[in-house]
Amino acid sequence: MKVLIVEDQFKLGQFLKRGFSERSYTAEWAQSCTAARDALAEDNFDVIILDLGLPDGDGLELLCEWRRCGFNEPVLILSARDTVDDRITGLNLGADDYLPKPFSFEELLAHVRSLMRRQSAVKQTMLEHKGIKLDLLSRTVRLRGQPVELTSREFALLEIFMQNAGRTLTRSYISERIWPGLVEDNLLDVYMSRLRTKLESGTGAALFKTLRGIGYQLV
C-alpha cells in the first residue's frame with residue numbers, strides 16, 4: 001500500500017514516514033504543495049495524508065485542485081485546525097476523513113486502514129472516458145458502443161490512461177508498468193501509435209496529447 005504524506009514539519013514528516021515504513025507501507029513524503037503535485041503526477045497512491053498549513057499554499061486549495069482535476073485518491077486531512085467548522089469545511093471540499101493534531105499514530109493508522117477498506121469496496125470494474133468503455137472484468141473495450149480489438153499490451157496501456165485521465169504520465173512511468181526492465185526507447189511510441197489508430201479514428205478527435213520528451217496524456 002502506498003501513502004503520500006504532505007507535511008512541512010520536518011520532525012513530524014520523518015516520524016510519519018518512518019511509522020508507515022515500519023508497518024510495511026510504501027510512504028512518500030512531500031513538504032510543499034509543489035512537491036505534492038509532482039508526486040501525484042508521477043505515481044498513484046492508496047491514501048494521501050494532507051496537512052493544511054504548507055509553505056507555498058493552503059492544503060485546502062490543493063485538495064480542491066485535485067478534486068477539480070478528477071483525482072479520486074482518498075484524502076485524510078491531518079491538521080492543527082481542529083474546530084468543528086474546520087472539519088466540516090475540509091470534508092465539504094472533498095476530504096474523506098479529518099484527524100486533528102495532536103494525534104496518536106495508532107489512531108491515524110486505524111483511519112488509514114478504514115479508508116483503504118472503503119476504497120477497495122468501491123473499486124471500479126468499468127472505466128469510461130469520452131465514449132470509451134473499458135471493462136476490467138471481461139477485459140473488453142467498446143468505443144461508442146462498438147467493440148475495439150486490443151492486444152493484451154494495448155489493453156494494459158489504455159487501462160493506465162483511463163485510470164489517470166487528465167494526468168500527464170511520464171514515459172518512464174508508463175514503460176515501467178507495461179514493460180518492466182525493458183529499455184527500448186521507441187517501443188512505447190509504437191504502441192501509442194497503434195492505440196491512437198484504433199481509438200481516434202473512431203471518434204474523429206484527438207484523445208491523446210503528446211508532451212515531447214516528457215510523456216503522454218489522455219485528454
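1. The charged end of Lys-2 sits over the ring of Phe-45, 5.6 Å from the ring centre, where a charge is said to sit over a ring if NZ of Lys or CZ of Arg is within 6 Å of the ring centre and within 35 degrees of the ring normal. A further case is Arg-194, which lies over the face of Tyr-191 at 4.8 Å from the ring centre.

2. A word on the basis of these values: this is a predicted model, in which local features need pLDDT of at least 70 and side-chain atom pairs count only at pLDDT 80 or more, while totals for chains, interfaces and linings use all residues. Residues are numbered from 1 along each chain as its sequence is written, and side-chain values use heavy atoms, with hydrogens and water left out.

3. Five strands form an open sheet in the order E2-E1-E3-E6-E7, with parallel pairing; helices (H or I, at least four residues) and strands (E, at least two) are DSSP runs, numbered from the N terminus, and two strands pair if DSSP finds at least two bridges between them. The edge strands, each pairing on one side only, are E2 (26–30) and E7 (97–100). From one strand to the next the twist averages 20°, with axes taken as lines fitted to C-alpha atoms, for helices over the stretch in contact, and angles running from 0 to 180 degrees between N-to-C directions.

4. Within this sheet, strand E1 (residues 2–6) and strand E3 (residues 47–50) pair in the parallel sense over four bridges, and the bridge partner of Ile-5 in E3 is Ile-49. Helix H1 (residues 10–22) packs on the sheet and touches E1, E2, E3 and strand E6 (75–79), its direction making about 165° with that of E2; contact here means heavy atoms within 4.5 Å. Helix H4 (residues 84–92) also packs on the sheet, touching E6 and E7, and its direction makes about 150° with that of E7.

5. Which residues of helix H2 (residues 33–42) are buried? They are Cys-33, Ala-36, Ala-39 and Leu-40, where buried means under 20% relative accessible area, exposed over 50%, and partly exposed in between (1.4 Å probe, protein chains only). These residues lie on the same side of H2, because they cover an arc of only 125° around the axis, the arc being that of the directions from the helix axis to the C-beta atoms. The buried residues of H2 pack against E1, E2, E3, strand E4 (53–54), strand E5 (57–58) and helix H3 (59–68).

6. There are six aromatic pairs, counted when rings of Phe, Tyr and Trp (its six-membered ring) have centres within 6.5 Å, with planes under 30 degrees apart taken as stacked, over 60 as edge-to-face and the rest as tilted. One of them joins Phe-20 and Phe-105 edge-to-face, at 5.2 Å centre to centre and 70° between the planes. Because Phe-20 lies in helix H1 and Phe-105 in helix H5 (residues 105–121), the pair ties together parts that are 85 residues apart in sequence. Phe-20 is buried at 0% relative accessibility, and Phe-105 is buried with a relative accessible area of 9%. Ring pairs link Phe-15, Phe-20, Tyr-25 and Phe-105 into a cluster.

7. Phe-161 and Phe-208 form an edge-to-face pair, 5.2 Å centre to centre with 75° between the planes. Phe-161 lies in helix H6 (residues 152–163) and Phe-208 in strand E13 (residues 208–211), so the pair ties together parts that are 47 residues apart in sequence. Both Phe-161 and Phe-208 are buried.
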